[in-house]
Amino acid sequence: MSSTGSLQSVLRSSEDMSPDPDVLRADHLCGPYYGLPPIPASLFNRHATSQAAHEHLLTFSHGLELGHLSSNALLNADALINRLPPELLGEIFFHLHSRNVRDWTTILTVCRQWFVVAATTPRLWCYLFVDNCTNFLRTGLARSKSCSVTLIVESRAESLPVWTALLDVLDSHAHRLRELDTGANARSYVSLIASYLQQHDMPKLEVIRITVVEPYSERLRDNLVHFPSALYPRLASLSLFYAVTLPSSSIIQQLTQLELSEPHEPHEPYFTSDAIITLLRNCVNIEALNIGTVVTHDEDDTPHTARDRVMLTKLRDLFIGVHASLLFHILNAIAIPSTSMSAIIWPMDDELEEHQGLREVLQEHRSSLPILSRIEIATAKISEIEDYPDRYMLTGMAGGRTVDAIWDPSSSREIELRMPLLLLEEDRPSGSIVSDDLVSIFRGSPLEHLEIDVGAAWNRAIDWRKIFTAFPTLRTFSLLGVGELAPVQSVFAALQPDNAPEEPDGTADAERLVCAKLRDVYLDGIIPSVSIRLECGHRVLEAESSLFR
């Protein structure tokens, strides 16, 4: 009897294959079946030679396994989801893939139908990762057919053989690359990457990210990577960490996103201030710009080229984290549209002397940031983050008002200014820095909402009268972390009518208001043991224990 016929006979005789109901009683179980139903003698001859019996048994067992798999395939085919057309099932897989581009391959292990659908859907193989071998890369390049691909090299791919094999595999597919992230690479691999990038035409490449680790061992100049624009006509996003490109490169002019940083303490900084300024002035199409921890090597007496300020009209997101001298040059060379989200960070520099506040950075360069005169919501805050120096920051938001006057954060624009507390003068009352910064930086803004969260020690020295008289459009005011009664009394004293500016029409003191539109005052962090009432004209401001949050 053939093995197929034998298998069918066994499947038909299910009544003979039922388990022994007393199988747990071991005293009457005997080998070789030990309670299992025996294979009919017509299907298996135990008395044949040992080798022949063994081979026959293997064939028989294999047939049973195939039958089991076949029956499972029929059961899976009857599942509702497997009745969908393969194209629709592949679309479902793609949505799962979009949620997790790294771990989606578990789909392949569910059943044979899912394996075939997933393996033959090219879009599922467009995000490829390389760790310590190139197996997944080879499979993905074959299954993605002619689709554009994203290649991400994991930081664990540190060996030269892996990089050599990777570039060899990629050689005939370079024209399909849409995004390339080389991961964190030792300096010795940069020349290999740079050589590859300069020798291959990549017409679909839109994004490049290159990171170099161990940057302190050699000069930054050794990490140079050039990007000929003729090879990358669609390149729009460039991120370089410790690997620098020439600022005058024509590729800069076609970018919409640029991210550039150097080591905090390079042995030989590559850029000069003029080189940075030249780079920024070429960013005519930039929408997102991140310049962080860039150190220049200007000589003290090096003259800087005087040029007109350039407006980066398309800029939407800005992050600048450079030292004071370079920041001054940047703000003097470019203008940032009021429609951009901006963050300007003044990092700690041991060589800098103590400073008086954030206004020192901007007092001569407010014209570079027109958003400063349009701020509607402002916050002054001290941020405490573990393992980082405490930071003093000002945040302003503008432009989020909808047609029906409701504030919409998603449509607003924000500017954030930060500096480490260690840069502030220790012998100067810290609170006065807050009031001086708010008035100097946001002067002329239609400020409606102000929140101050700098702690009790700073609150005591804040000049509240200066703040309130500078922003007559204020509607709500919040003071957090009060801690004691004195700041509360100072706030309400500054709002007394006799502190209001004199009206030219001779309005009586009792009718004059400081911040005439102010209706809400929120205080947080004080023991509720105070009651203050301010009546002026048609406005009543009260601070009672029941009002404290």
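1. A residue is termed buried when its relative accessible area is under 20%, exposed when over 50%, and partly exposed in between (1.4 Å probe, protein chains only). C515 counts as buried because its relative accessibility is 3%. This residue, although not a glycine, has a positive phi of about 55 degrees. C515 lies in the loop between α14 (486-494) and β17 (520-523), where helices (H or I, at least four residues) and strands (E, at least two) are DSSP runs numbered from the N terminus.

2. The model is predicted, so local features need pLDDT of at least 70 and side-chain atom pairs count only at pLDDT 80 or more, whereas totals for chains, interfaces and linings use all residues. Residues are numbered from 1 along each chain as its sequence is written, and side-chain values use heavy atoms, with hydrogens and water left out.

3. K145 also deserves a comment. Its phi is near 55 degrees, a positive value in a residue other than glycine. K145 is in the loop between α5 (135-143) and β2 (149-153), and is exposed, with a relative accessible area of 56%.

4. H365 is found in the loop between α10 (359-362) and β12 (377-383). H365 counts as buried because its relative accessibility is 7%. Not counting residues up to four places away in sequence, H365 touches R309, F328, L331 and N332; contact means heavy atoms within 4.5 Å. H365 and F328 are 37 residues apart in sequence, and their C-alpha atoms are 7.8 Å apart in space.

5. In helix α8 (residues 273-281), the buried residues are S273, A275, I276, I277, L279 and L280. The buried residues of α8 pack against β6 (257-261), β7 (288-292), α9 (324-333) and β10 (334-335).
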